[in-house]
Amino acid sequence: MINIPKGTKDVLPSQSHKWQFIENTARSVAKIFNLKELRTPTFEHTELFLRGVGETTDVVNKEMYTFEDKGGRSITLKPEGTAGAARLFIENGLYSGALPLKTYYITPCFRYERPQAGRLREFHQFGIEIFGSPAPETDAEVIFAASTFLNKLGVKNTELRLNSIGCRDCRKAYNQALREYFKPNLDKMCATCRTRFDKNPLRMLDCKEENCKKITSGAPKILDYLCPDCAAHFEKVKTLLSAQGVRYTVDPEIVRGLDYYTKTVFEFVSTDIGAQGTVCGGGRYDNLLEELGAASLPAIGFAAGIERLILLMDNTGVQFPEPDRPKIYLAGMDEPSRELAFKLCGGLRAHGINAECDLMGRSVKAQFKYADKIGARYAAAIGANEAESGVVNIKEMSTGESSAVKINEIYEYLIKR
Ligand code: HAM
């Protein structure tokens with residue numbers, strides 16, 4: 001027996017309605033926020049993520065699925081959606097179109113992480129990215145879209161944590177303050193933190209080592225180092241969110257795990273799914289396009305993990321809409337009636353009705369048993385008598401009640417129910 005690879009999951013036919021509900025909700029939110037879908041390849045040149053996501057991140061350092069293809073190119077399975085979306089924007093010259101360009105995607109992502117509840121090696125994201133607007137209204141709109149999405153799903157008890165990590169200018173002053181703070185303690189910190197100290201001290205703040213975390217907790221806070229522009233931007237985002245009735249907590253510890261962020265960063269966090277509680281995260285990335293070698297253009301977005309959402313919804317008893325089930329099962333008693341049932345089924349399907357008939361050569365009794373198992377709402381047995389009279393008895397499975405219905409009026413009968 002060959003088993004599924006570690007950190008991946010099958011979606012069983014009995015569970016796929018949950019995925020469809022989340023994906024349909026994502027698309028319906030995209031529609032009201034006028035976001036257009038983009039799709040990028042599952043793999044990209046490794047360089048895109050090195051430059052985009054950043055060489056000091058865990059994602060790039062430890063978690064990428066990177067391999068050499070047969071042509072000797074270094075290829076990486078996408079660990080997230082933003083870098084590919086930015087590449088798509090640049091490569092297709094979308095600068096010259098209407099800006100801001102508002103996009104979304106639903107995509108698999110791959111990270112070689114230690115699997116645990118809510119943490120997989122292949123997972124799926126619903127993400128949105130808006131290119132071209134520096135305005136704080138865009139930050140508030142993106143966060144409002146995330147909040148609308150969670151509300152429409154019926155997700156309860158998530159907390160929105162909000163922070164600003166400033167622009168390049170604020171970061172210069174802040175990095176210096178961090179280095180001054182960490183320097184005397186550096187020998188007590190892990191090897192990764194020591195490397196990050198030189199390259200990108202901000203990344204030291206998301207180290208998970210207990211010892212490092214203790215030291216980090218007393219570090220200077222970015223909010224005290226924001227330049228006047230970034231501070232005003234952050235204030236405006238907060239005002240706009242409050243005006244929309246979106247509740248948030250300012251959390252100076254939120255720095256996000258990817259290097260491209262500037263200014264606003266945020267996470268929707270739940271305490272109902274264990275250690276991996278962040279169901280949605282995002283922020284502004286005003287320098288990413290420039291860092292990828294293109295003209296500078298501000299952008300902002302978020303991504304929500306679909307598996308984590310399902311885990312959270314299951315754990316907190318959120319009801320998913322019922323999966324589709326057949327409206328009617330038409331059982332055939334003998335060969336000519338089976339043919340008639342098959343034909344009637346086809347006719348009903350052509351009118352958009354979920355109708356079923358026997359594909360197994362079963363007895364009528366066994367066909368009714370199957371109809372019950374698959375949750376058919378109505379069932380009817382067709383035999384020589386029914387074929388001759390042109391009338392069938394349609395039985396409502398949940399009550400056992402039957403109604404005599406003309407064969408050529410089955411559609412009219414069902415459509416009313
Ligand atoms: P991220 O925080 O790395 O951000 O991932 C976003 C979401 O993907 C997380 O909140 C979580 O729900 C889900 N996720 C991440 N890793 C895993 C995993 N190993 N297993 C299951 N779910 C996971 C980004 O990826 C950014 N690209 C978001 C963004 C878009 N920022 C701006 N635009």
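The legends below describe close-up views of a predicted model. Local features are reported at pLDDT of at least 70 and side-chain atom pairs at pLDDT 80 or more, whereas totals for chains, interfaces and linings use all residues. Residues are numbered from 1 along each chain as its sequence is written, and side-chain values use heavy atoms, with hydrogens and water left out.

**View A. Thr 40 in the loop between β1 and β2.** Thr 40 lies in the loop that joins β1 (36-37) to β2 (43-45), where strands (E, at least two residues) and helices (H or I, at least four residues) are DSSP runs numbered from the N terminus. With a relative accessible area of 17%, Thr 40 is buried, a term that stands for under 20% relative accessible area, while exposed stands for over 50% and partly exposed for values in between (1.4 Å probe, protein chains only). The side chains of Thr 40 and Lys 78 make a polar contact at 3.1 Å, that is, a pair of N or O atoms within 3.5 Å, of which, within protein, one must be able to donate a hydrogen and the other to accept it, with residues adjacent in sequence counted only if both atoms are side-chain atoms. When neighbours within four places in sequence are left aside, Thr 40 is in contact (heavy atoms within 4.5 Å) with Lys 78, Gly 84, Ala 85, Arg 87 and Leu 88.

View B. Of the 7 residues of strand β10 (residues 278-284), 6 are buried, so the strand is largely enclosed by the rest of the structure. Strand β9 (residues 262-270) runs antiparallel to β10 and is joined to it by 6 bridges, and Thr 262 stands opposite Arg 284 in β10. Strand β11 (residues 299-305) also pairs with β10 in the antiparallel sense, over 5 bridges, pairing being assigned if DSSP finds at least two bridges between two strands. In this second pairing, Gly 281 stands opposite Ala 303 in β11.

**View C. Gly 283 within β10.** Gly 283 lies in strand β10 and is buried, with a relative accessible area of 0%. Not counting residues up to four places away in sequence, Gly 283 touches Tyr 261, Thr 264, Val 265, Phe 266, Ile 300 and Gly 301. The C-alpha atoms of Gly 283 and Ile 143 are 8.7 Å apart in space, although the two residues are 140 residues apart in sequence.

**View D. The two sides of helix α12.** Helix α12 (residues 335-350) has 16 residues and reaches 23 Å from its first C-alpha to its last, close to the expected 22 Å, which is 1.5 Å times one less than its number of residues. Its buried residues are Ser 337, Ala 341, Leu 344, Cys 345 and Leu 348. They cover an arc of only 105° around the axis, which puts them on the same side of α12; the arc is that of the directions from the helix axis to the C-beta atoms. These buried residues pack against β12 (328-332), β13 (355-357), β14 (378-382), α14 (384-389) and α15 (410-415). On the other side of α12, Glu 335, Pro 336, Glu 339, Phe 342, Lys 343 and Ala 350 are exposed. Just after α12, Gly 352 takes a positive phi of about 85°.

**View E. Cys 345 and Cys 357.** With a disulfide taken as a pair of cysteine sulfur atoms within 2.5 Å, the count comes to 0 disulfides. Cys 345 is in no disulfide, and the nearest cysteine sulfur, that of Cys 357, is 3.9 Å away, too far for a bond. Cys 345 is buried at a relative accessible area of 0%, and Cys 357, at 6% relative accessibility, also counts as buried.
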